[in-house]
Amino acid sequence: MTAPFFKFGYFNDEVSLIVAFVIGIFFGFVLERGGFGSGRMLAAQFYFTDMRVFKVMFTAIVTAMFGLFYLTWIGYLDLSLVYMSDTYLVPQVVGGLILGVGFVIGGYCPGTSGVAIATGRIDAILYALGGFFGIFVFGELFPWIEEFFVSTHMGNINIPTLLGIDYGIVLLLVLLMAIAGFTGAEWAEKIMANKKKED
Amino acid sequence: MNMIKSWFSHHDHDNARVGELTPKHYTNPYLIGLLLGLVLLSAFVIMGRGLGASSPLSTVVAVGVQKISPSSVEGNAFYEGYLGDGTENPFKNWLVFEILGLVVGGFISGAIAGRNKIMVEKGPRITNNKRLMYAFIGGSLMGFGAKLARGCTSGQGLTGGSLLSVGGWAFMLAVFAGAYAFAYFIRRQWT
């Protein structure tokens, strides 16, 4: 096994920061190419007029998921050395709901707001300032919400372990779900486009 | 260069509906998803970790609060997590450098496509000031939510999602649920 390279000591911390910067460049480039520098484009997802947030996210997840599986299977990558954060179910669901509402009100999520600022969107600057404020509020309230924050800790758990199903089977199920989702997304876009024509 | 340009913009039919939004057409979302997945995979293979976006914002807040009121960060596990033990600069951090790269990459892509423009993103039925106010409110909710969830659409959604993390998937479904549930109430801003 040779990967993850960093975990096998192929380069040090200083180099890892350069790696971070380069990976970040590709990350930002691809997001902008996809239209994720535009708040209107991102928000269109939630009105079914342009489903690209869903399409991009799930294609990316399926790609990386199968890539990880393949590289592990051929013995190139040690998946146990890839960092995955622990699950704290209830705070994560509540946080997700709040972030989702913030997404549709603000028009961005943290990463896409960085791209939007880079391409000159003033609203994204306000969004990021709001982000600082929200984190500040969280930090100041932390002593009171810490108990909730660490509740429902399920450990370092993935879906195959939770359900007791083979990793490969879960992969196939996610793929099938994604394909069904993509079909639904194309269908929704067509309906919304026709509706717009009638108006 | 021209070849790359044409490769990135040959799915015109896909973008026709949003023509008024885009000086030049965006790339097909499935191709973008594939490329984004490969960027994510390369982070896994090279670093043994995925992508993230909300934690650098927290570093800025933690350092700011410490500068203004050093006593208030003491004993607060949340701030201390981002400040470290004081032996290293908190900004010498993997995700901070990744986000700096993200901004550069976004700018380069926008420059090539002619999409870099000082403007406010909004629908036709709302004033600029209102939109900016909503952007701030949305950002605040995002900041709070991302901290509670231990990550955002990048860290929990993409990264956790592709690692089949239980929390990552629960988070992602909650994000879509929250956004769809609230979309109706804020529709005047976008449509």
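The axes of helix H4 (residues 89–106) of chain A and H10(B) come within 6 Å and cross at roughly 40°, where axes are lines fitted to C-alpha atoms, for helices over the stretch in contact, and angles run from 0 to 180 degrees between N-to-C directions. The structure is a predicted model, in which local features need pLDDT of at least 70 and side-chain atom pairs count only at pLDDT 80 or more, while totals for chains, interfaces and linings use all residues. Residues are numbered from 1 along each chain as its sequence is written, and chains are lettered from A and ligands numbered from 1 in the order in which they are written.

H4(A) passes H10(B) in a right-handed crossing (left-handed if the near helix is turned anticlockwise from the far one by less than a right angle, right-handed if clockwise). The contact of H4(A) with H10(B) involves 19 nonpolar, six polar and no charged residues; Ala, Val, Leu, Ile, Met, Phe, Trp, Tyr, Cys and Pro count as nonpolar, Asp, Glu, Lys and Arg as charged, and the others, Gly among them, as polar.

For helix H6 (residues 122–149) of chain A and H4(B), the axes come within 9 Å and cross at roughly 60°. H6(A) is therefore oblique to H4(B) (angles under 35 degrees count as roughly parallel, over 145 as roughly antiparallel, 65 to 115 as roughly perpendicular and the rest as oblique), and H6(A) passes H4(B) in a right-handed crossing. Residues of H6(A) that meet H4(B) include Phe132(A) and Phe136(A), and those of H4(B) include Val61(B) and Val65(B). By class, this contact has seven nonpolar, three polar and no charged residues.

Over the whole contact between the chains, 113 residues come from chain B and 112 residues from chain A, two residues being in contact if their C-beta atoms, placed from the backbone, lie within 7 Å. The side of chain B that touches chain A has 70 nonpolar, 31 polar and 12 charged residues. Chain B itself contains 11 helices and zero strands (DSSP runs, H or I of at least four residues for helices and E of at least two for strands, numbered from the N terminus).

Phe6(A) lies in the segment before helix H1 (13–33) of chain A. Phe6(A) is buried because 21 other C-beta atoms lie within 10 Å (buried means 20 or more, exposed 12 or fewer, and partly exposed in between, with C-beta atoms placed from the backbone). Beyond its neighbours within four places in sequence, Phe6(A) is in contact with Phe11(A), Ser16(A), Ile46(B), Met47(B) and Gly48(B).
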